[in-house]
Structure formats: structure tokens, C-alpha cells
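Me: I'm new to this one. Can you walk me through its charged pairs?

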Amino acid sequence: MIIHNGACTLRTCLRLPERPLFRASSPPLSFLRVRRRFLATASAISATRKKEKVIVISGPTGSGKSRLALELAKRLNGEIVSADSVQVYRGLDIGSAKPSPNERKEVPHHLLDILHPSEDYSVGQFFEDARQATRCILDNGRVPVVVGGTGLYLRWFIYGKPDVPKASPEITSEVYLELAELRRKEDWDAAVQLVVKAGDPKAQFLTVNDWYRLRRSLEIIKSSGSPPSAFPVPYNSFREQGDCSAADGSESSDLNTYGDAMEETNSEDLDYEFMCFFLSNQRVDLYRAIDYRCEDMLLGRDGILSEAQWLLDIGLLPNCNSATRAIGYRQAMEYLLRCREQEGQSSVGEFYQFLSEFRKASRNFAKRQLTWFRNESIYHWLDASKPLETVLNFIHDAYRDQSGSIVVPEHLRMSRDISNRREAILLKSYHTQNRHFVNSDDCFPILEWIRKSQKLKA
């Protein structure tokens, strides 16, 4: 493509011959598709060149995205913005795989340890905090590297948040009083019905005990007279436009099932030039890495069980708020409560049952992440099994490139198809293998810790 001063002509780029190929009165559909696709691409390139670049790295739990982001930030003089809904909480370090103190010294990190576990955190608040951190990093002449696996956080961060009214202090107080007694009685069903009758029928589909969202729904109704669903989500308009562009039956749609057309036609409407990468590998390898990682989190005196004990000791219960619903913490808290009911006793079988539940929840979460990001067309999928240096070099060069386009080489590309036949066969034969807790003797240190620590808490 030849570009002069940021613009180009259809004839220049397509190199049309002097003699017309088609009748002027009725141009073939394929020509119109080529022309439309070209104009969209030229417009996107022209727009994105003028924008500041923001790198986004995501991937399922255990895929190695945090390490990749850290090394990339070192190379690009960058700073990291965490997009993890658990890393915002102080004291939840092991279960959230939070960067170590040394890693934070090497590269500045944002949105870590900003809340007490008793507090709730919303996607709307994340949008405000992450956008502010990004603006700060850019103003300081550095590169923002946003990393995390919380899909909704990243979606709002990239596309924007709904224009939902902020509740006045009076309404906030009124809603709090309306729900306080029901929450004290743990009467979730009655609270849901209260909000449904107020005008939000979708409240009945909220996750049980998600009191923050229930409260926020009632605040929005009282502030505007409408439920949250009445306020358009910016992502949906991008998605709809992308679907229309990809549904014209063109050859490019067949080759590009997951909507590069959306990137081309709509990227000029985004606030930054987002360079988004999704790091993943074959599910069998991913599941094995997750299983080992869960075991690792249980080792030592300061593992996830110790953090779960602290959550219980400060008066929190499993599944009562954002922090205690988190994968790993919920299972660990439930296990410790059972141990306390048994005066600090736990059998090897009970420990293995807890470990199995922890692993299963983690694997299921990874599967949901894969499904979510499979439909996020702005991401370029990369093979996590390739050497870190190879992936780093590719993203580094893509960031430095000024063409406005990213082409993932075949050897680095990871398929979005998470349910192909070959992988399904491998998954059927997959069996969890312990690396640390191979036999009952390996469980003894943890069972002894439980006996000493949980009996006192009974």
C-alpha cells in the first residue's frame, strides 16, 4: 500500500489498469467488498498512528502472562497496570499470584494492594483507576502494560464504561438502610425480590451474595428510574458493527472468523491504540500447569491456607464478598471451617478432597477465560509454549513498528478453537498428577499445621 501524507487513493493501492474491468453501471460485489475493506483499513491506519499505544496482555490463569508482562515492561521502559480482580486486595498474595516485592522494585506496578478484603471493588471503579494510571504512565513518557485475566475489567478498560448515573449520598444511604437488615439476616432471596420489584428483573440472575451489585442496581434505579440494563454498554456497539462488517459474505470473513473487521472499522473510535495479546497453550498443558500451581500455593507456612485463615480471623466468611468468592480462597476458607468444626482435625482424604476442589475450580475458571476471550476479536492469540524470548521479541517489534498493523507469524499463532477433536481426545485421557503431595506422608506438615492452628480457632 502506498501512502502519501497519511492518505492514499484506491487506484494507487489497488493498481487498477487503465481499461475498466467492470461495467460502471453494475460493479461486481467482490469489487465493492475490496474497496470497502480497503477504505476501512486506510482509515484505521491513519487514526491509530496519531494515538498513544497501550499494550494489553491477557491469558488464562497459569499461562505465564505476568512474567511476560514484567519482562516486556523492562525492555520498553514500561509500567504495569494490574487487571486482576483479586490482586487489588491487601494480604491476598499467594492465591492471586501477586508479583513479588523484588519484581515490584524492578518495574512499577499499579492497582495492587489498594483495598482491604472486606471492601468491594467494581468494574466501573477499575475503569476509573486503570485509565487514570494509564494516563499517568503515558504523561511520564513510559509505556503502559496492562496485564490480567479478568475479562470484564479489560473489556471496559478498552471500550469504555456505560454512562450510568452516580448515586447521590442520600440515595446511597437510603439503599444501604433498605438492604442492611436483609444482609444481616443473610436473606439473599428477599433482597433480590426487593430489587426485582423496584424495577430490575435481571437482579435474580446475579451471583448469590453479590451484595455490591445488588446494592448498585437499586442505587441506579432510584437515581434514574431505570435498571442498569437500560444503559448501553460501549462494547456492544463495537461488537454489533464488527458483526455487520464480518457478515457480508466476503472471502475475508471466511478467512477471519473472529472479526479483524471490527478492529479495522472501529479502532479509530477507541481512546488509545490498544495492542492486545492473549497468551495461551494447549488445554492439556494448561491444566497440568494449573494443577501444579495449586499445589505450589499450599507449600510453606505462608501459603494460601494461611491467607484464608486470616480472612476468617478478620470476620469474613466464604462467598460473602468479592475477595472471599475468589478461586482458591473460597475453597480454602470452606476447608478450614470444616477443620475448625472438627477441633482442628483433618484426614488425608479430606485434604485431598480440598485440593481436588481447588484444582477443579481453577481449571473451570481457565476454561471460562478461554471462552470469553475467544469472542474478543481485538486480541492476537499467542502460543505460550514458545520460548519467552521469542514472544518478547515479537511484541517488542510490534510495538516499535509504525505500520499500524500486527501480523502474528505462523510459528507463534495459537488457535482460538478450544474444542477441536484432537484436544478433546487428549483431555479425556488427562489425569491429575501430584508433584508435592504424592502420598500421605507428604501431607503431614499441612495436617500438623491445621491441628495446631485451627483447634485454637474452633
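Reply: Here is a short tour of the salt bridges. This is a predicted model, where local features need pLDDT of at least 70, side-chain atom pairs count only at pLDDT 80 or more, and totals for chains, interfaces and linings use all residues. Residues are numbered from 1 along each chain as its sequence is written, and side-chain values use heavy atoms, with hydrogens and water left out.

Me: How many salt bridges are there?

Reply: The count is 30. A salt bridge here is a side-chain nitrogen of Lys or Arg within 4 Å of a carboxyl oxygen of Asp or Glu.

Me: Which residue does K98 pair with?

Reply: D113. Their closest N and O atoms are 2.5 Å apart. K98 sits in the loop between β2 (78-82) and α4 (101-106), and D113 in the loop between β3 (109-110) and α5 (123-139). Helices (H or I, at least four residues) and strands (E, at least two) are DSSP runs, numbered from the N terminus.

Me: Is K98 buried or exposed?

Reply: Buried, at 9% relative accessible area. Buried means under 20%, exposed over 50%, partly exposed in between (1.4 Å probe, protein chains only). D113 is partly exposed, at 25%.

Me: What about R104?

Reply: R104 also forms a salt bridge with D113, at 2.8 Å from N to O. R104 is partly exposed, at 27%. D93, K98, R104 and D113 make up a network of salt bridges.

Me: New topic. Where are R435 and D296?

Reply: R435 is in the loop between α18 (421-428) and α19 (440-454), while D296 is in helix α13 (residues 283-296). They are 139 residues apart in the chain, yet they form a salt bridge of 3.0 Å, N to O.
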